[in-house]
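Please open the structure in your viewer and keep the selection panel at hand.

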Amino acid sequence: MILKNNSSANGFSYKKVAEYKNARAGIIYTPHGKIETPAFIPVATLATLKALTPEMARDLGAQALLANAYHLNLRPGPDILEVAGGLGKYMNWPYPTFTDSGGFQVMSLGSGFKKVIEMDSTKILDSMKSDEDVAEGKSRIAFVDEDGVTFRSHLSGEKLRFTPEISMQIQFKIGADIIFAFDELTTLMNSRKYQEESVDRTFRWAKRCLVEHNRLKKANPKKPYQALFGVVQGANFMDLRQKAARQIGSLNVDGLEFDGFGIGGALEKNILSDIISWAVDQLPENKPRHLLGISEIDDLFNGVASGIDTFDCVSPARVGRNGAVYTPDGRFNIKRSKYLNDFGPIFSDCDCYTCKNFSRSYLCHLIRSKEMLGSTLATIHNENFIVKLIANCRKSIIENNFSQFKDSFLRRYLGKTIYS
Ligand SMILES: [Zn+2]
């Protein structure tokens, strides 16, 4: 049973409506509407879900969009978004919005000094586990100190600085409903000692984020409430994930607590469920949990099974623009020449606008010709696929058959390779 209106006085709250083992279905209430969870939140990095109008995004089932504080800080700049009335108004999206803190981009995209954000430890040689590794052909241009991170813009090369306070100020001006604390991103290549130091530093930064966020709210009481999520780091170490989640989950500064939590950083794929469970077990039950930057189908299922409420990832749109499209029988690349002679839809049971109106042949032609409509149609299909998949997870939790749904979906998705 779903209870009506559980919004708290500030317009933000979470309510669990059903559970299946550790998986849960719920509702996040925000000042711009509700999000039925678990939910996949498409990424609108620069205040646009690339190639789609907001109406297209809504029509395919998106309940919320997640933009990026690092990118929006560079262009058009947070002052423009504030004058425009906030992120949602600026992009004509009247529904809930998220921004991430910029920490990930500062450490990966903005700096580029790491070889990869590798999530598979079997691909990482022990010799590469160094905190000073630099990508081939790149110089180290992001430096972490106790107060924050100094880095160079990936656009202009200009020297920039992010601190917890600056990230809060930028995200406050951008004005999303849900924002994230500024954390330090580590990778699986960092040493155990460095991960320990980083978890402690991220905790100190989390306290500063809470204090600054509260200062901004008090100075601007008329702005809609922004929920602040703390971020749990700790890489692939059980004790560090538990410690980080315990610290961030119970943090109370002068009566202030986080409204929800992000689980981020180095998430090793083959122990993803364990990593999430280590964190979730220590987090308060009555607040939402977001898994940052994950969208592979089996990872999404494992995330839901472990108690994650929301997900985001650029991947469905990005791979779609390159011609990779999802089906229940696996992903295939529609650019291959054989699809020029295939006049069926991407898959016949799909309810999306693309599959209802266009053939594989047409999509193959558009993407090979780099026509803009190809990006639009592929993005609609892929985002629809992932958004509906998580919506069906929600339905199966409520109907008490999540395990059966997960097993049958994954058996078909991973088991067949009919398109290869
Ligand atoms: Zn479709």
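What percentage of the 420 residues of the protein count as buried? The share is 48%, where a residue is buried if 20 or more other C-beta atoms, placed from the backbone, lie within 10 Å of its own, exposed if 12 or fewer do, and partly exposed in between.

This is a predicted model, in which local features need pLDDT of at least 70 and side-chain atom pairs count only at pLDDT 80 or more, while totals for chains, interfaces and linings use all residues. Residues are numbered from 1 along each chain as its sequence is written.

Colour by secondary structure to see 15 helices and 16 strands, which are DSSP runs numbered from the N terminus (helices H or I, at least four residues; strands E, at least two).

Next, select residues 143-144, 149-152 and 159-162, which are β7, β8 and β9. These strands form an open sheet in the order β7-β8-β9 with antiparallel pairing, and strands count as paired if DSSP finds at least two bridges between them. Because β7 and β9 stand at the edges with a single partner strand each, one side of each is left without a neighbour in the sheet. β7 and β8 pair over two bridges, and F143 stands opposite T150 in β8.

Now move to α10, residues 297-305, where seven of the nine residues are buried, among them L300, F301 and V304. Finish at G307, which follows α10 and has a positive phi, near 100°.
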